[in-house]
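Please open the model in your viewer and keep the sequence panel beside it. The tour below goes from one selection to the next and says what is there at each stop.

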Amino acid sequence: MKNNKVYRLFLLKGNRKNPADAEQMYVKRMAADQPKGSWTDFHLPEPHAYLWLPERGADEARVDYLLRVRTWGRRWADKARALPGSRWALTDLEWQDAEAVRALAESFLLNLYVFDTYKAERKAAPELTAVEAEGVTAADLTAMRERAAEVNWVKSLVERPVSDLNAAAFAREMAAHLKPLGVTAKLWTRKEMEKAGMGGLLGVNRGSVDEPAFAEFIYKPDNARNAKPVVLVGKGVVFDAGGMNIKTGNYMDDMKTDMAGGAMAAGILALAAKQALPLYIVALVPATDNRLNGNALVPGDIIRIGGETSVEIVNTDAEGRLLLADATAYAHKHYAPAAIISMATLTGAASRAIGTKGIVAMRERWPEAMAQCLERASEDVQERYCLFPMWPEYDRELESAVAELKNCGSGVAGMITAAKFVGHFAGKTPFLHLDVAGVAYYDKDESAWRKGATGMGVRWIGRFLELWSKK
Ligand code: BES
Ligand code: MN
Ligand code: ZN
């Protein structure tokens, strides 16, 4: 049921001394007991609420501040969801910080999403109808809505359990979403995977009752500035039980989210297509579940990646890199790309290293100009990353006595050896690897993100491509 009322949210500075008018004075008095940066509901003639925003601390980094603002965007979304179908207008009374207003509004849009497909009662999502602030246009609001919609679409895929989204369904969903945006979608047959020698994908899939999938999405606008594409490679493990090295304890609990990298790659491509970026971009998503049956891979097995490189399987739970390696080898051979960006919930080591607040990134042969775009993009959208090294000494970790490589090292620097494994198949192509294991899915609300799938990284790399397309 749609409510005709529009709720107004007025933004005020956290530590104002002199209210500009009587209403603000009144509101200020009412709010005197509230902690700074709080939310106050006032039902004056029309429904409206005031949000006292925290001011930037004297030595607070801009990104930290904007993340704090985004946290208020999440809280505002929580409030709004309690009023299903409510419509909201945002008015900046005195804050006067357009970038922060946009961060707040976008965070609101992002945090409206809830995975309620299986709930008996599905509540109508609230809407943001207007943003009235200096420096924020109606076009800005539309762009934020579109970007948030893509991120929320990615979340909706990550949330779906494997019973509802197996590899083939995952590939079909992505294709259905991308085709109307002008993207060419090619869903490979098993024969084609066999012909390309995708021993990693097919090997992991041996333990599954479902067919594997390999999705190839091509966005190639006529005005593309690059002759060689940027290839995004995303891990599409729709459920990771660990295979024969079965996960113990509660380590299997959230493994429906192990395709977050694949969904992320598709989401980034969707964003690029929606924005009509003049860039040639390809997304590759190899997909399967990693379960176990009588035919599953076992430790000691030797497979071949890209029909060539032999790999000794030491641990069947290090499966993501096998799929990514097949896709990376194919990207390298078939496209001779300008750059390869792989993205995956790849290692527990990444989340142990820096926790849940940012993406672990590693790169080789990455040009300085592109490094600058990455950094700037991260600041622009307030998605954090931390660079880890790909020191050559760690190559030895992957040396095998019986094959050219083994699929995991001794346990030290697990996120680095995983990146090295995938990077091995990129040849001389600039290679960037994003380990999103720590950030793809939250089990509780954390700062700017609601619990559940976060879609983190989509806005960052989306913005990166946008900046790069202008270089
Ligand atoms: N999908 C997992 C990594 C993961 C862990 C993602 C926690 C999200 C949250 C991956 O396939 C995996 O099992 N990695 C192993 C690698 C090890 C066997 C070398 C790990 O990190 O323990
Ligand atoms: Mn695994
Ligand atoms: Zn996995």
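**Around the ligand**

Begin by selecting ligand 1, which is surrounded by 15 residues, the closest being Thr345, Thr347, Gly348, Cys408 and Ala437; a residue counts as near a molecule if its C-beta atom, placed from the backbone, lies within 6 Å of it. By class, this shell around ligand 1 holds five nonpolar, six polar and four charged residues, where Ala, Val, Leu, Ile, Met, Phe, Trp, Tyr, Cys and Pro count as nonpolar, Asp, Glu, Lys and Arg as charged, and the others, Gly among them, as polar.

Before moving on, note that this is a predicted model, in which local features need pLDDT of at least 70 and side-chain atom pairs count only at pLDDT 80 or more, while totals for chains, interfaces and linings use all residues. Residues are numbered from 1 along each chain as its sequence is written, and chains are lettered from A and ligands numbered from 1 in the order in which they are written.

**The whole chain**

Now show the protein chain as a cartoon, where there are 13 helices and 19 strands; these are DSSP runs numbered from the N terminus, with helices (H or I) of at least four residues and strands (E) of at least two. The C-alpha trace spans about 80 × 50 × 45 Å along its principal axes.

**Strands to select**

Select strand β4 (residues 87–92) and strand β5 (residues 127–132), which pair in the parallel sense over five bridges, pairing meaning that DSSP finds at least two bridges between the strands. The chain crosses from β4 to β5 through helix α3 (residues 98–111), and this β-α-β crossover is right-handed, which means that, with the strands pointing away from the viewer, the path from the first strand over the helix to the second runs clockwise.

Next, select strand β11 (residues 302–305) and strand β12 (residues 309–312), which run antiparallel and are joined by four bridges. Three residues lie between the strands of this hairpin, in which Gly306 takes a positive phi near 55 degrees. β12 also pairs in the parallel sense with strand β16 (residues 405–406) over two bridges, and there Glu312 stands opposite Lys406.

**A buried alanine**

Finally, select Ala215 in strand β7 (residues 213–219). Why is Ala215 buried? Ala215 is buried because 28 other C-beta atoms lie within 10 Å, and the cut-off for a buried residue is 20 or more, C-beta atoms being placed from the backbone (12 or fewer is exposed, in between partly exposed).
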